[in-house]
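Hello,

As promised, here is the structure I have been going through. Please have a look at it first, and then read my notes below.

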Amino acid sequence: MLDKTASGLVHGMLAASLKITPFAIMSRPVAGVRRDTVIITLPGSPKGAKENLESIIKLLPHACIQAAGGDSRVIHSGGIKKLEKEAGVAASSGAHDHHSHLYESGGLASDDAVGMTSGCGHHHHGGGHHAPTPRTQQDGELRSNDLTGDVTRRHRSSPYPMISVKEAHKLVAEKISAPEVVKRKVDAGLVGYILAEDVKAKESVPAFRASIVDGYAVVHTDGVGIYPVVGVSHAAPGELKPLESGQIARITTGAPLPPGATAVVMVEDTRIAKATDDGKEELEIEILASGLTELENVREIGSDMKTGDLLLRKGAEITAVGGEVGLLASVGAAEVAVYKKPVVGVLSTGDEIVQHDRAESLSIGEVRDSNRPTLLAAVNARGFEAVDLGIAKDQPGTLEDVLKDALSKVDVIITTGGVSMGEKDLLKPTIERTFNGTIHFGRVAMKPGKPTTFATIPVNDDIPKPIFSLPGNPASATVTFHLFVLPALRQLAGFIGDDVHLAKALVTVEQDLVLDPRPEYHRAAIRIDRSGGLVARSTGGQRSSRIGSMEAANALLCLPAISEVGDKRTRIPRGDKVEALIIGELKVLDV
Ligand SMILES: Nc1ncnc2c1ncn2[C@@H]1O[C@H](COP(=O)(O)OP(=O)(O)O)[C@@H](O)[C@H]1O
Ligand SMILES: [Mg+2]
């Protein structure tokens, strides 16, 4: 388009950007003149656009004057205003980089980090198409810092696109592999599994005609009158003498009816007519109940469950309530096919982190490991096997050894710490560069938990293993575990649809809650009030370092970002309702 290029302006912008990041070298700004208009392209990210424009803005009047055919010497003699007006300045922003919208504050640096790593300018996009979902690393780009390089050469802003919680959930759901099927014994250990097969009844329940009450087995057509007691049937296995019309047999609840009996009369509807001389045994009983129907007070064979009936469907959850275990047990199911539950490794990282129960007091800089006990507890309590992977120092070699070992032992790895922008934040580079893993996301627009990272690491011929690298701050680690890791574990365990995610409810907030620029997961204790509604009380200070904000928390209140609410509202007033994700048991409000 340009009649003349203005390479000097390009050099100016590049030089300024290079002071901020070495990746500026990959940038492709364009500047020049068409007719009498100066045209300059700026990166799409606000930060990058500002930095670029600042580097040349002082010279723009000069450029405009020249473009308009003026003499640059006029600048110094006061004619500039008039010429500026005549010249007109056009600056376009973002048109040369389709990724720019993905980078919140990355500026030129992060835009072009993508350009470089995706193959040095080979990336070609048609017609300004803006991809709605963030790019993942499928095209082999490495975004993480090269650990062999100097600290000064590292990213100064995260090269990972900031994505929404929803997008993050979608990526996790996509990248988690299909659940594996295993056989498990039907016993207490079956709780929490999802059935991988339809289970049919192999037997009928009850397997014999059984009495529902204590009383007398009769032939229902016999009617009222006095009858001889010819036998007794207890709830015990054994042969029974057949009953004929005109006879009755004493029977207890759950006991089999003698052959020939067609109903049972409750003991309350009878009277002793004749006993033995010693008074110990009944000889004759008067039946007072009239109009008996066939099978009255009798559970017919298969009336609860018939052989071949569908007992439980594939996909059914074996709950902690026990009903499903009971159902399987009732028809003699000894083993069922279920989806394997993932084994989860939990690793803390950080040179400063020490064993939580170490007796000596802390020296300066040391921090007790609260994340690992927290996450091991949460993983276990949700019914998954947890493997303690200990604490890894912030050294690439150490992290590599620990992760290598973990990959051979567990199905899912959870790490905490080392995912932000610090020079000791080694997780992302180690995952990408040492393990050839794919980082599906490295930043999520949420509070707490912004640096939450999800990746998969290839393992030999096996399916890639998921690794969740959660932020180090204790509240962030715990919130992001519930929000992202738990659904992933459930998906691996065969849960489907909405069952994968935390349950949601509308709750009334008890106090004003101040909104943040990011969507916030505010920790709260929710209770069932007298009218059956749910009320939420904040757990107090929500700083991400404060694990106390999780104490007694059973819900995460989903507070919208300020920008998401209308009317410039900055808080949710007390009494309003918000959505809450349930992470613990509901309690009744004691008032
Ligand atoms: N296991 C842990 N237990 C308690 N605090 C931790 C733990 N790991 C990290 N922290 C603290 O969390 C903060 C952030 O740690 P950092 O390693 O920078 O995490 P990230 O980069 O993932 O946000 C630091 O104050 C750190 O000491
Ligand atoms: Mg750390």
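Predicted model: local features only at pLDDT ≥ 70, side-chain atom pairs only at ≥ 80, totals over all residues.

The protein contains 11 helices and 32 strands. Of its 591 residues, 46% are buried. The protein exposes about 29,200 Å², and 53% of that comes from carbon and sulfur atoms.

Now to the ligand. There are 19 residues around ligand 1, and those that come nearest are Glu 352, Asp 369, Gly 418, Val 419 and Ser 420. By class, this shell holds five nonpolar, 10 polar and four charged residues. Two strands, β17 (344–349) and β19 (367–368), each contribute at least two residues to the shell.

Which backbone atoms lie by the nitrogen and oxygen atoms of ligand 1? For a nitrogen atom of the ligand, a backbone N or O atom of Ser 370 is 3.0 Å away. Val 419 has a polar backbone atom 3.0 Å from an oxygen atom of ligand 1, and a backbone N or O atom of Ser 420 lies 2.8 Å from an oxygen atom of the ligand. On its own, ligand 1 has 550 Å² of accessible area, and the protein covers 80% of it.

Helix α7 (residues 323–330) is worth a look too. Its buried residues are Glu 324, Val 325 and Leu 328. These three sit on the same side of α7, because they cover an arc of only 100° around the axis. In general, an α-helix has 3.6 residues a turn, so residues three or four places apart point the same way. The cover over the buried residues of α7 includes β6 (199–200), β15 (310–312) and β16 (335–339). Just after the helix, Gly 332 takes a positive phi of about 75°.

You will find Glu 294 in the loop between β13 (282–287) and β14 (298–299). Leaving aside residues up to four places away in sequence, Glu 294 touches His 220 and Thr 262. From Glu 294 to Thr 319 is 25 residues in sequence and 38 Å in space, C-alpha to C-alpha.

Happy to go through any of this with you.

Best wishes

Note on methods:
Residues numbered from 1 in each chain as written. Chains lettered and ligands numbered in written order. Heavy atoms only, no water. Near = heavy atom within 4 Å. Polar contact = N/O pair within 3.5 Å; in protein donor to acceptor, adjacent residues only side chain to side chain. Areas by Shrake-Rupley, 256 points an atom, 1.4 Å probe, with all protein chains shown as cover. Helix = DSSP H or I, 4+ residues; strand = E, 2+ residues; numbered from the N terminus. Nonpolar A, V, L, I, M, F, W, Y, C, P; charged D, E, K, R; others polar. Buried < 20%, exposed > 50% of the residue type's maximum accessible area, 1.4 Å probe, protein only. Arc of directions from axis to C-beta. Contact = heavy atoms within 4.5 Å.
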